[in-house]
Amino acid sequence: MHAFDVLGDPVRRRILELLADGEQPAGAVSDAVRAEFGISQPAVSQHLKVLRESGFATVRADGTRRLYAVDAAPLQEVDAWLERFRGFWVQRLDALGTELARGKRKRL
């Protein structure tokens with residue numbers, strides 16, 4: 001599955017956001033996602049499986065718990081693809097930074 005196919009799903013993006021804060025037990029991820037999206041635990045498990053199989057997440061056993069974490073390697077593929085487009089917004093962000101700095105100087 002292509003990286004953008006994986007990231008195109010809002011549930012999987014949310015799971016990755018949760019995992020970006022650090023390793024999480026499957027139960028905690030499931031509880032958070034089920035509350036936000038109103039989906040079943042088996043549906044969350046399927047999304048976790050897609051993330052594992054596509055390389056976006058790793059899992060390790062800790063007794064009876066399964067701990068999930070982000071694997072950054074596939075995100076590097078996304079970052080490389082986005083590199084071509086950064087020029088479209090970097091200049092605008094630099095201009096915004098300049099305007100914000102001017103506004104601060106005017107207030108002082």
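Start at F85, which counts as partly exposed at 28% relative accessibility. On this scale, buried means under 20% relative accessible area, exposed means over 50%, and partly exposed lies in between, using a 1.4 Å probe and protein chains only. Keep in mind that this is a predicted model: local features need pLDDT of at least 70, side-chain atom pairs count only at pLDDT 80 or more, and totals for chains, interfaces and linings use all residues. Residues are numbered from 1 along each chain as its sequence is written, and side-chain values use heavy atoms, with hydrogens and water left out.

Now look at the rings. Rings of Phe, Tyr and Trp (its six-membered ring) pair if their centres lie within 6.5 Å; planes under 30 degrees apart count as stacked, over 60 as edge-to-face and the rest as tilted. Searching the whole structure turns up 3 aromatic pairs. In one of them, W81 and F85 sit 4.8 Å centre to centre with 45° between the planes, a tilted pair. F85 also pairs with F88: their ring centres are 6.3 Å apart and the planes are at 25°, so this pair is stacked.
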